[in-house]
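Open the structure in your viewer and keep the selection tool at hand.

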Amino acid sequence: GLAFAAVLVLIYILVVGWFQSFATPMTIMLAIPFSLVGILPAHAMGGAFFTATSMIGFIAGAGIVVRNSIILVDFVELRIKDGMSIEAAVIDAGAVRFRPMALTAAAVIAGSAVILFDPIFQGLAISLMAGELASLLLSRMAVPVFYYMVRRRDAATTPVVVPLTVAEQGGVS
């Protein structure tokens, strides 16, 4: 648990450095708890205990989920820099990036299926498979919407600076 907390702090610091924002990493890391929505019920339905290998699967899955969220948010920001409105950029990013993210989740699920029936690594497989599926379905909608809400709030609170005219500056008109 302590190692996971340290990794979360390190991820946050790295993403702050990349995006030059303190709010954007929180938006990106919002996807991590969504994997628990799949992991915990999947363990219960499978009759499996949440073990150390389950935690390792959760940590590994969190890395994949964060990477997908970074790609999604970066895509939105690139579209905004290209002149697209934030609304259109969020919708475009969700549509364009969903397929590669779904393929990544499918690859994780297929790869984890191989170890699903191993008694030692079953928790790892369940965590990876269920975590990726839940996070794909939930975070692909929540991350763009939350990013949109944060950006709109920031835009609404940012003061608009209007330059003074020559006459207002005390110059000759």
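Start by selecting helix α1 (residues 2-19) together with α4: they pack at an angle of about 15°, with their axes 12 Å apart. Helices here are DSSP runs of H or I with at least four residues, numbered from the N terminus. The axes are lines fitted to C-alpha atoms over the stretch in contact, and angles run from 0 to 180 degrees between N-to-C directions. α1 and α4 are therefore roughly parallel (angles under 35 degrees).

This is a predicted model: local features need pLDDT of at least 70, side-chain atom pairs count only at pLDDT 80 or more, and totals for chains, interfaces and linings use all residues. Residues are numbered from 1 along each chain as its sequence is written, and side-chain values use heavy atoms, with hydrogens and water left out.

Next, show the side chains between the two helices. F4, I11, V15, W18 and F19 of α1 are in contact (heavy atoms within 4.5 Å) with residues of α4, including M55, F58 and I59.

Now move to the salt bridges (a side-chain nitrogen of Lys or Arg within 4 Å of a carboxyl oxygen of Asp or Glu). The structure has two of them.

Select D92 and R79: their closest N and O atoms are 2.5 Å apart. D92 lies in helix α5 (residues 86-113) and R79 in helix α4 (residues 52-81), so the pair ties together parts 13 residues apart in sequence.

Last, select R152 and E87, which form a salt bridge at 3.5 Å, N to O. R152 is in helix α6 (residues 122-157) and E87 in helix α5, 65 residues apart.

Terms used
Angles under 35 degrees count as roughly parallel, over 145 as roughly antiparallel, 65 to 115 as roughly perpendicular and the rest as oblique.
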